[in-house]
Amino acid sequence: MTALLCIVSNPACFTSKGLKNDFVRNILWTFEDIHMLVGSNMPIFGGGRYPAVSLRLRDNNKPINVLTGIDYWLDNLICNVPELVMCFHVNGIVQKYEMIKTEEIPDLENSNFSTKVIKDIAQNILSFLKSNCTKEGHTYWLFKASGSDIVKLYDLTTLCEETEDKYQNPFTMPVAILLYKVACNMMMKKNQNKKHYGTIRTLLLNCLKLLDKSRHPQIIASANYMLSELFQLDEPKKDESSECPLNENSDESYSEEEEEEMPDSDENGSYSTSSDPPEDNKAVAVIKSVGELSVPEKYKSIHQIRPSCAFPVCHDTEERCRLVLSYVLEGLKSVDNSIKKESDLPAADPNTPIPLKYEDESARGGPEGLEKQMALFLDKMGSLQKGNYSCQSGMIPGSWQHKMKLQLILKSSKAYYVLSDAAMSLQKYGRALRYIKLALQSHDTYCCLCTNMFSEVLLFLSQYLTLCGDIQLMLAQNASNRAAHLEEFNYQTKEDQEILHSLHRESSCHGFAWATDLSTDLESQLSVSCKCYEAANEILQFSDLRSQNPDHCVQVSKRMGNIRNEIGVFYMNQAAALQGERAVSKSVSTAEQQLWKKSFSCFEKGIHNFESIGDATNAALLLCNTGRLMRICAQAHCGAGDEFKREFSPEEGLYYNKAVDYYLKALRSLGSRDAHPAVWDSVNWELSTTYFTMATLQQDYAPLSRKAQEQIEKEVSEAMMKSLKHCDVDSASARQPLCQYRAATIHHRLASMYHSCLRNQVGDEHLRKQHRVLADLHYSKAVTLFQLLKDTPCELLRVQLERVAFAEFQMAGQNSNVGKLKTLSGALDIMVRTTHAFQLIRKELVEEPGQPKSDGPSPAADAAPSLNREEALKLLSIFESRLSFLLLQSIRLLSPGKKKTSDTEGDAALRTNKHVYSQLLRATANRDTSLLERVDVLLHLLGQLAGGGAVQ
């Protein structure tokens, strides 16, 4: 059995101002199975052998009666005092002292009573009250007239509401204060279990129902603040299965309708509202006779008692935050209404100029304006550290209004922050920006009112600005849905408007306007995001927050590095776009150079941010982007003028070498491929591309006016080999075909270069031999790699034709027929091995939709996405002419007039070559043959050469 009682000896002690409590001690008392909260003023003495005794003064001539004995016994029981000291006197003169144990008091002479009867009376009274005091927040009066046996129960709340002043009930204020103080005590317990939050909420809501808003603003504001504190804004989300069952602790377990429909009953000796006296129709219930209370279990509670007060279950974050904000708003209204002012609008300071909006907009016109506003913001934060105070409403620092409004405003800022974070996770970026704007406006007002900024509040501000930076970045990256974001940003609920109105009573709320504007310019949004992160980082410097919150510091630094990378890429892409629009003959513009500088500065700062937190992977990515920027600079400095007169310029070489340096730094930053394979492979590929591009440009546009041919060839060879070194052709990945194609192209270019050197080389036979060996080696490797690829038949055919040309060049320098025949045999063998390339070409031609069967149309009409038909036709013609030439040369060398001895194998080869040569001549003479038919003829002829014994 549980009860909540207040023993009020003097109701006047509860003044209109509120929280005074005349009880010396409040005790949660357990009597048998009855639990109640009681207040007591009994003085307790103690010392030495008697740690706790109560003292009673008694006239020696008057015996102790039963009621007095019960009074002494209950007082000692309530205060847990083991002994009673009786001081007997006659006319004020002390006669003697007597020590009586508490358990002996019921057996005193002339004061005998049964403790069981007392227990029965208490249980019956409590059961009677529980059965009839059923309306929450109501005050009941149990009344017994002097000399009467009838006990009546009145509902004072209902009776007082029938009058003009419902607050004339003398018990309204004491009960409200009791509810408030019990809730306060429960809230102050550090280890308070959340299961009691429902009880605390019920106590506070009933307290608010009892109080007049105009008379008790402090209690109302405080109660609303405590209600808002019950909702943990940062609590983790729980699964539905982990919630308490409804029948244990939920609103569904109890309803007022059930209570009101419950019938009255006279069973088990219960009360009856129809009992005497019939003329009193205002009493809720009546006990016919006091004597009935001593009958054991005469009255039993038949009213369904709630097992516990339910705490509302908020199924999502927004619902929880909205409840918090509703309580915060009521608290703010109570505080604002208590401030005596002539007008709601604060008087203007004649020494402070009124800020005009167009000035703010002009100051916010670009990055320069952002810098100024950032400087003002940091100055303001510095002044707050010194304890400067500014308030427009005239609140006195240290007053209850000032303290309470600070707490309420801070709570509102936290709620708006959580709402913004939730909207961010739902990708509602316009709504998220609106909520973070309200959070920062609340925090700005807090800063204006606060006389001493706590480190915890500074950490909140850093978190708010970090989230604001995230939102601005996401808005910049989702510009396609700008209209929907703008609509969400401009929407505002009535509750938000009223809270903002309360904030404007204290501050202009413009301290963070630079961070919360929804701009339509991409550069501006990225700049605002960056400034938010920078401000969040600067705030961490004002106190020892950096060492106390290392995780948050790491996150801010990481975000700063990321946004600087975003801005750097933005400027880099703009520079590339300008470069694409500029004519080749024109020099680099000033605008391009400025964009390079901005991009490079952002990358450099971002690299520093990531290196400061030991994030090697992201630092490597930014170094890689810096290398890309250097390549764009190199491309912009390509030689002007006629394309045929162009040379690889020193500026190009300078920037390409810088790009190489940054890529190498990125690899050093990563350390090894095991750290982050994807990033390592990406950097390796970019480095290989840079070497390859630089070597290709030097080879195609050789700077012969500045360097010797031999030096250029050496530099090209070195760059190509370095590119090959960083081109991983063995690892299976999505990039493997690209790497194989790159490696094949490098070998092809090197072979072509050595082939060209061999043609132009005169004199040094050792060097010529070296070039011959290198050319043959790289041609072989190029063919091997191209054969691995299924979509490069033209490249494979070109390499094979160059190998044939290389063999023809060697044959031209030979004098003996034997040597020529051997070289010719090798060339024809290369021709036969081009079968694979022609098979690939034929496959693509067959798979083409609408392939004509005859009369090959023009190359433009034959063009296909997967095969360059024009190039294929050109290479096919060259192949036919070279094959015809080689067959003719072989026929001449194998004819009987050229040979000194007869050779059976040679004769067979001669017959085969003559047959193939005649067929080739007939096929090339027909100019109406389609590309596919020509390929089929060549495949047939090459098959005959391979199987019929060509030149051996």
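Me: What is the relative accessible area of Glu 330?
Reply: Glu 330 comes out at 29%, so it is partly exposed. Buried means under 20% relative accessible area, exposed over 50%, and partly exposed in between (1.4 Å probe, protein chains only). This is a predicted model: local features need pLDDT of at least 70, side-chain atom pairs count only at pLDDT 80 or more, and totals for chains, interfaces and linings use all residues. Residues are numbered from 1 along each chain as its sequence is written, and side-chain values use heavy atoms, leaving out hydrogens and water.

Me: Which residue forms a salt bridge with Glu 330?
Reply: Lys 333 does, with the closest N and O atoms 4.0 Å apart. The rule is a side-chain nitrogen of Lys or Arg within 4 Å of a carboxyl oxygen of Asp or Glu. Lys 333 is partly exposed too, at 33%.

Me: Where do Lys 333 and Glu 330 lie?
Reply: Both are in helix H9, three residues apart, about one turn. Helices (H or I, at least four residues) are DSSP runs numbered from the N terminus, as are strands (E, at least two). An α-helix has 3.6 residues a turn, so residues three or four places apart point the same way.

Me: How many salt bridges are there?
Reply: The count is 28. One of them pairs Arg 322 with Glu 495 at 3.0 Å, N to O. Arg 322 sits in H9 (residues 317-338) and Glu 495 in H16 (residues 494-504), so this pair ties together parts 173 residues apart in sequence.

Me: Are Arg 322 and Glu 495 buried or exposed?
Reply: Both are buried.

Me: What does Arg 934 meet in a salt bridge?
Reply: Glu 880, at 2.9 Å, N to O. The pair links distant parts of the chain: Arg 934 is in H34 (residues 931-948) and Glu 880 in H32 (residues 869-894), 54 residues apart. Both residues are buried.

Me: Which residues join into one network through shared partners?
Reply: Lys 213, Glu 330, Lys 333 and Glu 498.

Me: New topic. What is the mean pLDDT?
Reply: It is 79, and 78% of residues reach 70 or more. pLDDT is the predictor's confidence in each residue, from 0 to 100.

Me: Where does pLDDT stay under 50?
Reply: Residues 354-365 are one such stretch, with seven contacts (heavy atoms within 4.5 Å) beyond four places in sequence. Residues 853-865 are another, with 14 such contacts.

Me: How many residues of H28 are buried?
Reply: 14 of its 20, so H28 is mostly covered. H28 (residues 793-812) reaches 29 Å from first C-alpha to last, close to the expected 28 Å. That expected span is 1.5 Å times one less than the number of residues.
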